[in-house]
Amino acid sequence: MSAFHYNFAIICRVPNSIKNRSIGSDQYADGIDVDKAREEYETVREVLKNCDINIIELVEDESYPDSCFVDDTAVVIGNTALISRPGSSTRQGEVGEIRKVLKGDLRLNVVEIHNAKATLDGGDVLFTGKEIFVGVGKRTNRAGAQAVAEAFPEYAVSMVDFSHCEALHLKDVFNMAGKRVMAVAPGPDVQAVLRQMQDVADFPYQVMQMDSRLATDMLYCNGHLIHHVRNEMGDKSYGMLDQFVDPEIQRVELSMDQLTWEGRGICGLGLLCLKLKTYTSLIYD
C-alpha cells in the first residue's frame, strides 16, 4: 500500500477567534473574513471526502484561534501517532482532543514525548514516503526531532537547521507532490535548507522550484494532488506541476486566500491517518 494512502482525516472547524490572530501579512491587516474562511474549510472537507477519506470533524474551540490547522498537533505515519508538543504555549491545549481521537477512536499506537524540554510542531516534520526530515528552528528543537526518530525507528530521520529560514515551519516551504517529487519555495534561505536535505537524504528527489510559498502549499494523498488554482500559484509554478507531476495523479484545484498561514493552508488543515478498519464519518462535540 502506498505511503500516501489514507482513509481518515481529522479536521477542526474554524473558530471566530481566528480573525484576531496575527499572521504577519498585510493581506490580513484588517483581520480574516471568517465566513469566507469557513467556506474554504468546507471546500477542503468535501475534497478530502471525494478522495475516499472518512472525515472526523472536531467542533471549533474559541480558546485556540489556530486550532483548524490540526497538522501541527501530531505526526502520524502508518499505525503510529506521535503527539506533538507545540512550540507556542498558546497551542499546547489543542493536543488533548486530538489524542482522544487518535488513541480512543482510531486506536492507533499513540506515542507521547516524555522529555519536558522538547518542543515539536507537526508542520516541521516532512515525511517523503521513504524517510523523514525534521526542521529544527523556531517551533521545534533537537529534543523534539529526537522524539520523532524514536517514534518512527523504521525510517531514517534527519534533522535540518531551520533557524535561519524566514518561514515558520518546514512544510511552509517544502511539500511532497508525488513519489520522490518535492515542491520547494523560493529564497536563498530555503535553498540553504534544501542543500542540507540533499546532503543527508538517503533517496534522490525531483525538485520542483516554485515561485512562491503559496505555490508550495499542496497535499498528495490517495492518488490526488490538491493544490491552489493557477492564478494563485502563478503560471510558472503551475507549469512546474505539468512538468513534474505524474499524469496519472488526479489534480484538484482550490482557491484559498483566507486560510493560508505563512504559505501553509491546504497541507495544514487535515491530520491524515490510515486505519485498516473503517467506519462512518463522525462529529465530535
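Strands β12, β13 and β14 form an open sheet in the order β12-β13-β14, and the pairing is mixed; two strands count as paired if DSSP finds at least two bridges between them. Helices (H or I, at least four residues) and strands (E, at least two) are DSSP runs numbered from the N terminus. The model is predicted, so local features need pLDDT of at least 70 and side-chain atom pairs count only at pLDDT 80 or more, while totals for chains, interfaces and linings use all residues. Residues are numbered from 1 along each chain as its sequence is written, and side-chain values use heavy atoms, with hydrogens and water left out.

In this sheet, β12 (219–221) and β14 (250–254) each have a single partner strand, so one side of each is left without a neighbour in the sheet. Neighbouring strands are turned by 20 degrees against each other on average, direction ignored; axes are lines fitted to C-alpha atoms, for helices over the stretch in contact, and angles run from 0 to 180 degrees between N-to-C directions. Strand β13 (residues 224–228) pairs with β14 in the parallel sense, and H227 has E253 in β14 as its bridge partner. Helix α1 (residues 34–50) packs on the sheet and touches β12, β13 and β14, its direction making about 170 degrees with that of β14; contact means heavy atoms within 4.5 Å. Helix α7 (residues 235–244) also packs on the sheet, touching β13 and β14, at about 165 degrees to the direction of β14.

A second open sheet of three strands has the order β9-β10-β11, with mixed pairing. Its edge strands are β9 (174–178) and β11 (206–209), each pairing on one side only. Neighbouring strands here are turned by 35 degrees against each other on average, direction ignored. N175 has A183 in β10 as its bridge partner. Helix α7 packs on this sheet as well, touching β10 and β11, and its direction makes about 160 degrees with that of β11.

| Pair | Sense | Bridges |
|---|---|---|
| β13 and β14 | parallel | five bridges |
| β6 and β7 | antiparallel | three bridges |
| β7 and β8 | parallel | five bridges |
| β9 and β10 | antiparallel | four bridges |

Strand β7 (residues 132–136) has five of its five residues buried, so it is largely enclosed by the rest of the structure; buried means under 20% relative accessible area, exposed over 50%, and partly exposed in between (1.4 Å probe, protein chains only). I132, V134 and V136 lie on one side of β7, and F133 and G135 on the other. F133 stands opposite L126 and also opposite S158 in β8. Four residues separate β6 from β7 in a hairpin, where G129 in the turn has a positive phi of about 95 degrees.

From β7 the chain crosses through helix α3 (residues 142–151) to β8 in a right-handed β-α-β crossover, meaning that, with the strands pointing away from the viewer, the path from the first strand over the helix to the second runs clockwise. The buried residues of α3 are G144, A145, A147, V148 and A151. They cover an arc of only 150 degrees around the axis, which puts them on the same side of α3; the arc is that of the directions from the helix axis to the C-beta atoms. R142 and E150, on the other side, are exposed.
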